[in-house]
Amino acid sequence: MQRPARRPPMHSIRFRLNFLLIVTVTLALAISGAYNYYTGERRLTDEMQERESTLRARLETVLPGQIWNFDEGQLINTLQAEMGWPDLVYLGVFDPPQLAIARARDGNRIVVGTTSPPPGSSSLEIEYEGRHIGTVYYKTSKERVEQRLQGVIHRKIVEIIVVDAIIITVLALGLSLVALRPLSRLRAVLDRMAQQQHEDFSLLELQDLGKRRDELADVGNSVVRIAMRLMDELEDRKLAEATIRDAKREVEDAYRQLKATQASLVQSEKMASLGGLVAGVAHEVNTPVGVILTSASVLAEETGAFRERVEAGQVKKSDLLAYCGTASDSATLILNNAERAASLIQSFKRVAVDQASEARRTFELRQYLGEIVTSLTPALHRRPIEIKLDCPKPIEMDGFPGALSQIVTNLLTNTLAHAFDDDEAGTVTLTASSEGDVVTLVFADDGRGIPLQHLPKVFDPFFTTRRGLGGSGLGLHVVYNLVTQTLGGEIVVQSEVGQGTTFFILLPRVAPLRGGKDEQGA
């Protein structure tokens, strides 16, 4: 048995479990990191907004008096102190044209800022006792917030890599010790059992698995039970296959014997028909031959008496005339009966030769059916059965007349055996007609008919209702084979109990070739 190809490693249990857990943990940590990033960003943004609100509040409180008093030193100190907030990158006080003080962040140093606020700066209007005395511009940066958020992302990435590495290591070792090695050993044992390459193979190789206290022990025990059952079934199947092979040989031998017996019986049927034909020849020719012998005997006696009178010189005119009349009558009888005997013998000869040789030739159907009916007349001797032939016009056919003779003979024999009692009168009608290239033969009788349950089986071999009474069950089977195979036609039967039986035979005017060659007879 061909060993199935191993699956690629990427489809192994270890790979799939590692992949599943890694994906699960990675997704969980990624979701956690995204949540931490979101909450951290919100927290830092809120802190910046709170610091900015506090800055604005302090500036609104401190700066009005300093600006009103033109206390430049205090303003510088205030700006310098506020720049201590790391996220503040620019802060300036403007009251053009008298006042313009600004501070900016350059890395970690506080420097004098430009007199024009940078793009994106926020403004704060300073009022003193309801009067506008200046404007404060400031700008904050989220760079430190972004750095802190990037740190959170980096930590999460490192955490995911470390956790995934730990999971892969733990699973690789744990699965290998707990499951994969026992499964590999189980697979190796099953492979050897499947290949049947080791004569020393034993189910005891799975004994170690049965000593475990986990699911693999149950699997090993189940495999042992399944293997034992399969081995028993395999032995049973081998015995059954051997029995089937022996039975097949016996059936084939019986079938060959049956075919040989069937062929022998079919040949017996044909020879029986020829035997009946010979008996008919003897019966039909006996009458004209008897008349010929009687006439010849009378003529010989009269000739002898006339010779004696001639030699005695006692011949009279009346004796001469009487002898001439007797000779003429005897010659006429001998000639007519000799012609009748010759005609009968020629007709019987053609039918017999056709049945025996199965040669192909061209023949006229109406004339040939007449010869067949003539040859069958002796079979009706002492039985009140009348055969009627109805063929209105000549029909030229090219085929196997012997097969046609055998068909009509078997149908008549079947009718005499089944349709009528020995002393029962009846009529058998044989009708022939043609339309185009199709010839229709209708063989009908007015006998007792065929029961409905027997109609589907009348053409089956060895089916007969006269088992033990001389019926072989092959007559109509031979008819069916001759019609369908030899002549290339079709045959159907219709019958009702008490209403007679009719066989409808459709034949091509030109029979099909047999064996791929034209078998035209000489």
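**Close-up views of a predicted model**

View 1. Val 23 sits in helix α1, residues 13–68 (helices are DSSP runs of H or I, at least four residues, numbered from the N terminus). This is a predicted model: local features need pLDDT of at least 70, side-chain atom pairs count only at pLDDT 80 or more, and totals for chains, interfaces and linings use all residues. Residues are numbered from 1 along each chain as its sequence is written, and side-chain values use heavy atoms, leaving out hydrogens and water. Val 23 is partly exposed, at 31% relative accessible area (buried is under 20%, exposed over 50%, partly exposed in between; 1.4 Å probe, protein chains only). Phe 15, Phe 19, Val 23, Leu 27 and Ile 31 make a nonpolar surface patch of about 490 Å² (patch residues have over 30% relative accessible area and no salt bridge; nonpolar side chains are joined within 5 Å).

**View 2. The buried face of helix α2.** Helix α2 spans residues 72–82, with Leu 75, Thr 78, Leu 79 and Glu 82 buried. Down the axis of α2, the buried residues fall within an arc of 95°, so they line one face of the helix (the arc is that of directions from helix axis to C-beta atoms).

**View 3. Contacts of Glu 82.** Glu 82 is buried, with a relative accessible area of 11%. Glu 82 touches Leu 55, Arg 58, Leu 59, Leu 88 and Leu 91, not counting residues up to four places away in sequence (contact: heavy atoms within 4.5 Å).

**View 4. Thr 374 and Ile 387.** Thr 374 lies in helix α7, residues 365–376. Thr 374 is partly exposed, at 28% relative accessibility. From Thr 374 to Ile 387, the C-alpha to C-alpha distance is 9.7 Å, with the two 13 residues apart in sequence.

Conventions: Patches are made of residues with over 30% relative accessible area and no salt bridge: like charges are joined within 9 Å, nonpolar side chains (Val, Leu, Ile, Met, Phe, Trp, Tyr) within 5 Å. Accessible areas come from the Shrake-Rupley method with a 1.4 Å probe; for residues, only the protein chains shown count as cover. A salt bridge is a side-chain nitrogen of Lys or Arg within 4 Å of a carboxyl oxygen of Asp or Glu. Helices (H or I, at least four residues) and strands (E, at least two) are DSSP runs, numbered from the N terminus.
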